[in-house]
There are 4 protein chains.
Amino acid sequence: MTQRIQAMLATHPQPHSPVDSGVLAECIAACMECAQVCTSCADACLGEQNHLMHLVKCIRLNLDCADICAATGSVLSRLTQSNPEVLKAQIAACLTACKACGDECEMHAREMNMQHCAVCAESCRRCEQACEQVLRGMNA
Amino acid sequence: MTQRIQAMLATHPQPHSPVDSGVLAECIAACMECAQVCTSCADACLGEQNHLMHLVKCIRLNLDCADICAATGSVLSRLTQSNPEVLKAQIAACLTACKACGDECEMHAREMNMQHCAVCAESCRRCEQACEQVLRGMNA
Amino acid sequence: MTQRIQAMLATHPQPHSPVDSGVLAECIAACMECAQVCTSCADACLGEQNHLMHLVKCIRLNLDCADICAATGSVLSRLTQSNPEVLKAQIAACLTACKACGDECEMHAREMNMQHCAVCAESCRRCEQACEQVLRGMNA
Amino acid sequence: MTQRIQAMLATHPQPHSPVDSGVLAECIAACMECAQVCTSCADACLGEQNHLMHLVKCIRLNLDCADICAATGSVLSRLTQSNPEVLKAQIAACLTACKACGDECEMHAREMNMQHCAVCAESCRRCEQACEQVLRGMNA
């Protein structure tokens, strides 16, 4: 998917990327992946018949993280007439959501051996770090 | 719509609203309305054959604002196991997006007599203020 | 909200509504309301500690219905260069999702006295009927 | 991204995939990619200062296709308590949106040498075919 994103960034008529376009493409890809993986993890948690009661907080954070990552991925995908303040605020929200969801999933992976939470924690970490890199690039 | 939102908040088994539930319901309603109105304004701008070139920035901000308001409305609609940091960061992003889009639409309403931008500016202002009130309530 | 939607439809530079604009505004409003209410019902079900195991199917249908209603409301909000086939197919999907979710919620309202499911069933029925009316208008 | 999707499907506690899980993973990945690429193509078209007037229909179809693909990708990502009728109807809508958007983008790639439309047409075709395969699998 990152390749396709880079192809779209490269063919844009006004390629004013707020940061290095490789960093941007990685962050868009991480947001889209994390949105999908969180949707999937919420659903897998919902199917854990013997553990469901312990996964309520995880499902809630998954749902928030999925919504926020999807919105952030869309906002980041637009290069025409960017507003840096909007971009920064949304990336900051995404970073916060990914950190909260990643922490929760990591705990369930470790303590309850939930494999879907282990995969989800990785996607959250990847997205959290990608958001940090874009923010760092924008503030440089 | 606000009535239906309040009915849902009132029937929740764990009604731990992060702020007064009337303030919360108003903010959810403002987010949902602003998401729809921004989608509609982007489309109306796209149909302005004689002015389209001057409305590119408006369309872009409309699309961002629609995505961000929709995500914020969904996150705010969840009461189970809220994470206040995620909530605050997302509301801050929403407030920023509504301010940027409201400023742009207000200018087109005033200078180019764009009526859809006038309606959209009102929805953006309503949502901006509703977000401010939730943030004030959460920080009180 | 319906008023604001009608104001946006009325100020559109190319008001080629696929059906009577009152019927269209009602359907957009019903989609936006149903998206919010289903998000809220999924969350309320998730908070039902003593009944959660019986509400898994309801949560899943709520989440699908919320996603589908939100997308349908956005597609319906656009009047510029509509594609009737896309519109009809998406409305048909929305109608199907609202019927499935409404049936499930109605059952939980009746048999388990779930009040959030009762409110949600009403929103699903309103949206189902609004979709039927748009489809009827488009096929007339 | 397809690998991560497959990892999530493989760790699901109730892996009742409506079709072969490889076919499902490919369709989810195609939906997510097409949503991002269509968002990106709408934005690139908006930045085409000398051709914008000719790209209005393309932008509109891009926006619809992005919304519909994102919703379809989410619905397909859920395995718990699937409703086949909802799934089929949403996939049919997605297929229709991808076909309409792919046709429009293909034309702009060919006649106006729009490179972002060429990339977008490929993603639409990939998603259209992936939806066809899931429908074929579900009806088999």
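**Helix packing and chain contacts in a predicted four-chain model**Helix H2 of chain B and helix H1 of chain C are roughly parallel to each other, a term given to angles under 35 degrees, while angles over 145 count as roughly antiparallel, 65 to 115 as roughly perpendicular and the rest as oblique. The axes of H2(B) (residues 21-46) and H1(C) (residues 2-10) come within 10 Å and cross at roughly 5°. Here, axes are lines fitted to C-alpha atoms, for helices over the stretch in contact, and angles run from 0 to 180 degrees between N-to-C directions. Helices (H or I, at least four residues) and strands (E, at least two) are DSSP runs numbered from the N terminus. The model is predicted: local features need pLDDT of at least 70 and side-chain atom pairs count only at pLDDT 80 or more, whereas totals for chains, interfaces and linings use all residues. Residues are numbered from 1 along each chain as its sequence is written, and chains are lettered from A and ligands numbered from 1 in the order in which they are written.

On the side of H2(B), the residues that meet H1(C) are B:Glu33, B:Gln36, B:Val37, B:Ser40, B:Cys41 and B:Ala44. Their partners in H1(C) are C:Arg4, C:Ile5 and C:Met8; two residues are in contact if their C-beta atoms, placed from the backbone, lie within 7 Å. By class, the residues of this contact of H2(B) with H1(C) are five nonpolar, two polar and two charged. Ala, Val, Leu, Ile, Met, Phe, Trp, Tyr, Cys and Pro count as nonpolar, Asp, Glu, Lys and Arg as charged, and the others, Gly among them, as polar.

The contact between chains D and A takes 33 residues from each of the two chains. On the side of chain D, helices H1 (2-10), H2 (21-46), H3 (56-77) and H5 (115-139) each supply at least two residues. The largest share of that side, 11 residues, comes from H2(D). The side of chain D that touches chain A comprises 14 nonpolar, 14 polar and five charged residues. Chain D can be laid on chain A with an RMSD of 0.0 Å by a turn of 180° and a shift of 0.0 Å along the axis, where copies are superposed by least squares on the C-alpha atoms of residues with pLDDT of at least 70 in both. The same surface serves both copies, as 100% of the contact residues of chain D recur in chain A.

Between chains C and A, six residues of chain C are in contact with six residues of chain A. Helix H3 (residues 56-77) of chain C provides the largest share of its side, three residues. That side of chain C holds five nonpolar residues, no polar residues and one charged residue. Because 100% of the interface residues of chain C are also interface residues in chain A, these copies meet through the same surface. Superposition of chain C on chain A gives an RMSD of 0.0 Å with a turn of 180° and a shift of 0.0 Å along the axis. The two copies are thus related as by a two-fold rotation axis.

Within chain A, the secondary structure comes to five helices and zero strands, and the pattern along the sequence is α-α-α-α-α. The radius of gyration of chain A is 16 Å, close to the 14 Å that the globule rule gives for 140 residues, so chain A is as compact as a globular protein of that length. This radius is taken over C-alpha atoms, and the globule rule is 2.2 Å times the number of residues to the power 0.38. The C-alpha atoms of chain A fill a box of roughly 55 × 25 × 20 Å along the principal axes. Buried residues make up 63% of the 140 residues; a residue is buried if 20 or more other C-beta atoms, placed from the backbone, lie within 10 Å of its own, exposed if 12 or fewer, and partly exposed in between.

Individual residues illustrate these classes. A:Ala35, found in helix H2 of chain A, is buried, with 30 other C-beta atoms within 10 Å. Apart from residues up to four places away in sequence, A:Ala35 touches A:Ala66, A:Cys69, A:Ala70 and A:Gly73. C:Cys120 lies in helix H5 of chain C and is likewise buried, with 35 other C-beta atoms within 10 Å. By contrast, C:Asn113, in the loop between helix H4 (84-112) and H5 of chain C, counts as exposed, with 9 C-beta neighbours inside 10 Å.
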